[in-house]
Structures are given as C-alpha cells and as structure tokens.
Amino acid sequence: MRAIRFGPGGTVDLVDLPKPEPGEGELLVRVRAAGVCRTDLHLLHDVASGERAPLVPGHEIAGTVEKVGPGVARVRTGDAVVVHFELPCGRCRACVQKKTNLCQEGDALGFSLPGGYAEYVKVPEDNVLPAPANLEVEQAAILACSGATAYHTVVTLGGADERDLVVILGAGGVGLSAVQVARARGARVVAVDNREGARDAAKHLGAEAVTSPEDALAAILSKSKDRGADVVVDFVSTAETMELGIAALAPGGRLVEAAVGDEGVLVSPHLLMDKEIALLGAHSSTMADFARAVQLAEARLLVPVVARTGMLAEAAVILRELEEGKIVGRAALKP
Ligand SMILES: [Zn+2]
Ligand SMILES: [Zn+2]
C-alpha cells in the first residue's frame, strides 16, 4: 500500500509498505480521509532533529472497514467508521480513572504506531465509532483530534455552559471546532485571531464577537460588562496569548492551555487566589470526548471546517501551507 513516511532528516516520502493484517480484536480500515493536524508538523520537526524515529503520521482518520480480525464482534466489513488515535493500556491508574488521555503506557496511531497517511491502517475495534452519516468523510475524519480536543478543552476541562462567556484564542482547525462546541453548550463566544479569514470563519460559526489579539481584552470586557471571560481556551499558547488569557479571566474563570508552547508568564499566587482562577493544561482527548463530538456532529452542531483536501502525494505541500498559516480550518488527505 502507499503511505507517507516522515523520514530521517525531515523528508516527507511517498513509500510502498506492506498492507497490515488485523489481529485479535483489530480491524483493517481503508482510509478515506486523514486530517492534517498541526501536531503532525511538530512530529515532522522531531523526526528531522532525530528526537523521534521515522513514522507514518495521521491521527484523524475516517474510512471503511476492509477486514475484521478474529474476535471482533461489534463492527462489520463495509462499515463507515471514524477512528480515535489513542490506544491506552487499560490497566494504569489514569486508565482506571477513565483519564485515558493521560496514560503513559499506551500507544497512539500516527505517533508510535502507523497512522492514517496511508491507504490502510490497522486499529483496535474499541477505537472506532460509526461515522456520522450527515458529514463528508473529510469532515468526519477531523472529529477524531480537532473535534474531540475541542470538546475536551471547552467542556471536559473548561466546564462551559449556557451562562458563560467563552474566549477562543486562535481560530484555526481546532479553534473553529471549539467555537461550535461552546455555542452548542449555549455559551457566548469571543474568537481571537490575527487572520481576517479565521475571524470571518469564527463569526460565521456563531462567535458573537471576533477580534484581533490587540483589541481582544477590550472586546472581552465590553461583552461581559467588565467581568471578563468564564473560560478561555488558548490554541496558540505563546507568552502573549497566555498573558491575554489570564488578564481576560473573570472571577472563578478557567484558562485552558491547549497548544505546545515553551515560553510562559510569571503568575503570582495572589492573582490566582484573589479571583480564584484556574490555569489548566489540555492533553489530547478521550474516547468519551470523541463520542460527544460525534454526537454533536450528528446533530449538526459541530461541522468541522475543511479548507482543502489533497492526495497523499501532496502531503509535503499541504504541511508547508499549514506551517505558513495559509490554511483556515483543516486540510485533509484523501488516499
Ligand atoms: Zn491532532
Ligand atoms: Zn493506561
């Protein structure tokens, strides 16, 4: 089968690999669409620097079940499915507490196991859900990381509900899903992005106000009678956005950091206790988050924004466009 492999030195190669064979409890999924996530860029950099071994990326997968392994009970050949990428161990403390996203013993498709930038991928039966029939296959694929992560940040961690003002920092692929998840909870939304196209997309998806980072604090205060935001989800995670997020929080507010950033800010205990604000970090998502995202999609309350699709061979070009900020929403590969 054809697949994309991140090779030594950071090459993006179209390669020919053996078609996987599903084992006990596993499925062979014919990939119909695989989302191109910003995390894939981080993986590419890690492979380039030698920090990671070469790999087949792709952790946002939708497809059709091609073959089922022994012991598979729930899924049949021909089923249209969406795939969650985390394979938690199921035995550690995090897994027992259902915080499978924090499992340190597990594997993940597109990270430690071959992912969806390929014609076929082998996945455990427990990792699939029926694909929402009302979505295009590339929209469905994107639910697996972008949709589930949006749910995890806005609801599971942020606890957003209908009395809340939710601020989304960064209206990219996940950010635009987060706008929709917050709206589905009945919250009011302010979306912040320095790209006009991203702001327009957020407005179209129901954000009450959209603003550039420079004008964000004033906009948030004016939308909340100077109280601030109940939930801020930061999908940019620079020192600037973190500072903005903390400044924008209302008493009792929650800031959720959801991107990989190494620069931070100094926060005094006084500030935290004065307003009783919470600073949280979001890591990936669970199968439960994924199921909720799929439910919202079935109700058409969450429709991932797909800006561009391409063939497997276009992976390198699309990754470059993503790095340069040219893609509003998500791109997807269609093997
Ligand atoms: Zn992702
Ligand atoms: Zn575990």
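Residues are numbered from 1 along each chain as its sequence is written, and chains are lettered from A and ligands numbered from 1 in the order in which they are written. Because the model is predicted, local features need pLDDT of at least 70 and side-chain atom pairs count only at pLDDT 80 or more, while totals for chains, interfaces and linings use all residues.

**Domains**

The domain assignment, whose bounds come from an automatic or database source, divides the protein chain into domain 1 (2-147 + 285-333) and domain 2 (149-281). Their C-alpha centres are 27 Å apart. Domain 1 gives 18 residues to the contact and domain 2 gives 17 residues; two residues are in contact if their C-beta atoms, placed from the backbone, lie within 7 Å. On the side of domain 1 that touches domain 2, helix 3 (137-157) and helix 9 (287-298) are the elements that give two or more residues. Helix 9 supplies the largest share, four residues. By class, this side of domain 1 has nine nonpolar, six polar and three charged residues. Here Ala, Val, Leu, Ile, Met, Phe, Trp, Tyr, Cys and Pro count as nonpolar, Asp, Glu, Lys and Arg as charged, and the others, Gly among them, as polar.

Helices (H or I, at least four residues) and strands (E, at least two) are DSSP runs, numbered from the N terminus. Two strands pair if DSSP finds at least two bridges between them. An open sheet of six strands pairs in parallel, in the order 12-11-10-13-14-15. Strand 12 (209-211) and strand 15 (278-281) are at the edges with a single partner strand each, so one side of each has no neighbour in the sheet. On average, neighbouring strands of this sheet are turned by 15 degrees against each other, direction ignored. Strand 11 (residues 188-192) runs parallel to strand 12, joined to it by three bridges; valine 192 has threonine 211 of strand 12 as its bridge partner.

Helix 6 (residues 213-223) packs on the sheet and touches strand 10 (165-169), strand 11, strand 12 and strand 13 (229-234). The direction of helix 6 makes about 165 degrees with that of strand 11; such angles run from 0 to 180 degrees between N-to-C directions, with axes fitted to C-alpha atoms, for helices over the stretch in contact. Glycine 228 lies in the loop between helix 6 and strand 13. This glycine 228 counts as buried because it has 22 C-beta neighbours inside 10 Å; the cut-off for buried is 20 or more other C-beta atoms within 10 Å, with 12 or fewer for exposed and partly exposed in between, C-beta atoms being placed from the backbone.

In helix 1 (residues 38-48), the buried residues are Arg38, Asp40, Leu43, Leu44 and Val47. They pack against strand 1 (2-7), strand 3 (26-36) and helix 10 (315-323). Helix 1 and helix 10 have axes 10 Å apart and an angle of about 105 degrees, which means that the two are roughly perpendicular, a term covering 65 to 115 degrees, whereas angles under 35 count as roughly parallel, over 145 as roughly antiparallel and the rest as oblique.

Strand 1 pairs with strand 2 (residues 11-16) in the antiparallel sense over six bridges, and alanine 3 stands opposite valine 15.

| Glycine | Location | Phi |
|---|---|---|
| Glycine 9 | Hairpin of strand 1 and strand 2 | near 85 degrees |
| Glycine 50 | Following helix 1 | near 85 degrees |
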